[in-house]
Amino acid sequence: MKELRKKPHAFDIKKYLSSLLPQKLKEEFLSRVNNIKEKAEIFAYFIVFCREYGLILDFDKIREQLGISKITLRKARKKILMRQLVKPWERLDSIFFEVADKLERKDWLAAVLLFIEYQRRGNRISIKEIKKHLEVKFPISNNYSIFRLRNGKNCLVVPYPAFSYLVCPHGLPSKIDYRSGKFTVRHLNREKKFDYCFVVSRKKIDRILSKMELHYEAVKNSTQNAI
C-alpha cells in the first residue's frame, strides 16, 4: 500500500506580514485583512496600514520575496481603493511621526496642538520651529498627571505636565488646559489671567498620540526578518 504524501502547507502571507509589525498592531492588521483573499491585495493593504502608522519598511524587497510584480501591486492598490477598504483620513501627516522620533514624550502634546493650529491657518511648521515654541521663558511646574488616551483597541498612557506651557502662534506665552473633552490653549495674561487662543478636541488628540506611540515603539524595538 502506497504511503500518502503530505501536502505542503500553503504559505500564510497574513501571518508573515503581521510578524513584521509590533505586537500592538498585529491583531488590528489581521482583523482588517480578514476578508481579503488575494495575495497582492493583502500586501497592498499592508503597505497602506504601515503608512497609516508611519512604519518604514523595504516594501520593494518584501514584494519581490512574495513574488508580486509592480503592475499587479498597482492594480491591487486601485482595487482596494475602489472597494473603499482604505480610509484616507486615518493616515496621519508624517510630521507627527517626526515629532515622535525627534522630541521627548513630554513635548508631544504641545507639539501636536501647535501643528494642528498652524495647519488650520494654512501654514506648515517644521520640527525646528516647534522647538522654538516650546522654549518658554518662565518657570514650569514639575507637577505631572496621567492622561489615559483610548483609541479603539489600543490604550495609551501618556504623562504630561499638569500645567503645560508653550509659545502660541501669536508669539505669546500660553497654558494648555484640559476640560470637558477639549484641550484649550490660553494666553497667560496678567490682567485677564487667561486669554483664549485655540481649542482642539480630545478625540482628535487621542487618535494622533496613540499612533505616534505605536510608531515610536515599532521604530525602537523593530527587528525585521526576511522570509
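**Close-up views of a predicted model**

**View 1. Glu135 in its loop.** Glu135 is found in the loop that runs between helix H8 (127–133) and strand S1 (144–151), where helices (H or I, at least four residues) and strands (E, at least two) are DSSP runs numbered from the N terminus. This is a predicted model, in which local features need pLDDT of at least 70 and side-chain atom pairs count only at pLDDT 80 or more, while totals for chains, interfaces and linings use all residues. Residues are numbered from 1 along each chain as its sequence is written, and side-chain values use heavy atoms, with hydrogens and water left out. Glu135 counts as partly exposed because its relative accessibility is 46%, given that buried means under 20% relative accessible area, exposed over 50% and partly exposed in between (1.4 Å probe, protein chains only). Pro173 lies 38 residues from Glu135 in sequence, and their C-alpha atoms are 9.5 Å apart in space.

**View 2. The salt bridge of Glu28 and Arg32 in helix H2.** Side chains of opposite charge can pair when their charged atoms come close. A salt bridge is taken here as a side-chain nitrogen of Lys or Arg within 4 Å of a carboxyl oxygen of Asp or Glu, and the structure holds 17 of these salt bridges. In one of them, the side chains of Glu28 and Arg32 meet with an N to O distance of 2.5 Å. Both residues belong to helix H2 (residues 23–32), where they are four residues apart, about one turn of the helix. Glu28 counts as buried, with 15% relative accessibility, whereas Arg32, at 23%, counts as partly exposed.

View 3. Asp177 counts as buried at 7% relative accessibility, while Arg179, with a relative accessible area of 48%, is partly exposed. Elsewhere, salt bridges that share partners join Glu28, Arg32, Glu52 and Lys211 into one network.

**View 4. Lys78 on helix H5.** Lys78 lies in helix H5, which spans residues 70–82, and with 53% relative accessibility it counts as exposed. Although Lys78 and Ala44 are 34 residues apart along the chain, their C-alpha atoms are separated by 9.2 Å.

**View 5. Aromatic rings of one cluster.** Across the whole structure a search finds eight aromatic pairs, where rings of Phe, Tyr and Trp (its six-membered ring) pair if their centres lie within 6.5 Å, and planes under 30 degrees apart count as stacked, over 60 as edge-to-face and the rest as tilted. Phe43 and Phe46 form a stacked pair, 6.3 Å centre to centre with 20° between the planes. These two residues are three apart in helix H3 (residues 39–52), which means that about one helical turn separates them, and both Phe43 and Phe46 are buried. The pair of Phe49 and Tyr53 is tilted, because the planes meet at 50°, with the ring centres 5.3 Å apart; Phe49 and Tyr53 are both buried. Together, Phe29, Phe43, Phe46, Phe49, Tyr53 and Phe59 make up one aromatic cluster.
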